[in-house]
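Notebook open, model loaded. I'll jot down what I look up as I go.

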Amino acid sequence: MKIATYNVNSVNARLENLSAWLNATQPDIVLLQEIKSEFNAFPFFDIQMLGYDAKILGQKSYNGVAILSKHKIKIIHEGLPNFADENARYLEADVDVKGRNVRVASIYMPNGNPPYNAPDDTTKFEYKLRWMDAFLAHAQNLLEENKTVVLGGDFNVIFTDADVYNPELFRKNALMRPETRERFRTLLYQGWFDAFRTLHPQDVGYTFWDYSGNALTADYGMRIDYLMLSPKAADMLNSCQVDKSPRTGIKPSDHTALVAELKLENHEEKY
């Protein structure tokens with residue numbers, strides 16, 4: 001089973017790019033973030049023509065998450081459980097992959113940085129930390145269910161200094177502050193596996209490059225998109241790679257895709 005996470009940065013603006021990538025890569029499941037679309041504006045027909053069912057938690061102009069799948073999707077949670085949130089940031093589902101049950105979630109964690117015109121405003125960072133705390137509580141509950149689970153998305157976390165081109169520039173950034181890193185570390189301590197780092201402990205693995213300047217050409221990037229695996233899913237992990245082709249394609253997102261392959265044979269219980 002091939003599963004990918006991709007912050008598409010507006011699904012309608014990037015539809016040509018996304019379609020080309022889906023046709024070329026043929027993942028079984030795709031977790032999208034920042035679709036920036038309400039239900040009625042989402043390109044369901046175009047996605048269906050590419051061979052995918054789509055479930056979304058949409059929001060006009062901002063945020064929004066989606067799950068695309070070649071297989072049956074059953075929605076479990078629209079929104080992060082036990083967290084009242086006006087923003088569309090979390091969508092969880094069961095996917096039946098050839099009779100095997102895989103729990104997936106598409107996640108768009110809050111950025112947490114203040115508005116440019118109010119640098120001392122801590123409201124967004126406080127929201128980020130509350131969101132992460134609620135997410136950690138739910139992640140612990142998921143682990144206790146002992147299922148094959150993949151939590152994927154834009155986590156807006158630069159976990160280590162090796163995950164950004166110049167860590168000194170980001171010391172005070174919400175993505176890299178100690179409180180943010182501490183919560184991500186807690187996720188690992190719970191028993192989740194970072195798919196990319198599990199197989200590539202020393203590789204760069206950037207998934208985001210700013211549009212400005214020559215960031216992509218110079219590789220001034222950061223690793224903020226993750227596929228986090230439950231122990232059962234980690235046991236099936238065969239590969240995990242950053243696919244830069246969407247970022248170098250037509251009218252790209254500022255993120256690119258992270259793709260993992262899991263061997264499901266003889267592991268997971270059937271429905």
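This is a predicted model: local features need pLDDT of at least 70, side-chain atom pairs count only at pLDDT 80 or more; totals for chains, interfaces and linings use all residues.

First, a term I need: buried means under 20% relative accessible area, exposed means over 50%, and partly exposed is in between (1.4 Å probe, protein chains only). By that rule tyrosine 127 is buried, at 15% relative accessibility. Residues are numbered from 1 along each chain as its sequence is written, and side-chain values use heavy atoms, with hydrogens and water left out.

**Rings**

I looked for the ring that tyrosine 127 pairs with, and found phenylalanine 83. Rings of Phe, Tyr and Trp (its six-membered ring) pair if their centres lie within 6.5 Å; planes under 30 degrees apart are stacked, over 60 edge-to-face, and the rest tilted. This pair is tilted, with 6.3 Å centre to centre and 35° between the planes. Phenylalanine 83 sits in the loop between β5 (72–78) and β6, and tyrosine 127 in helix α3 (residues 123–144), so the pair ties together parts 44 residues apart in sequence. Helices (H or I, at least four residues) and strands (E, at least two) are DSSP runs, numbered from the N terminus. Phenylalanine 83 is buried too, at 17% relative accessible area.

Next I checked tyrosine 165 and phenylalanine 170: their ring centres are 6.0 Å apart and the planes make 80°, so I call the pair edge-to-face. Tyrosine 165 is partly exposed at 33%, but phenylalanine 170 is buried at 13%.

**Sheet**

Which strands make up the open sheet, and in what order? I read off 6 strands, β3-β4-β2-β1-β14-β13, with mixed pairing. Strands pair if DSSP finds at least two bridges between them. β3 (53–57) and β13 (237–243) are at the edges with a single partner strand each, so one side of each has no neighbour in the sheet. Strands β2 (residues 29–33) and β4 (residues 65–69) run antiparallel, joined by 5 bridges. One I looked up: glutamine 33 has valine 65 in β4 as its bridge partner.
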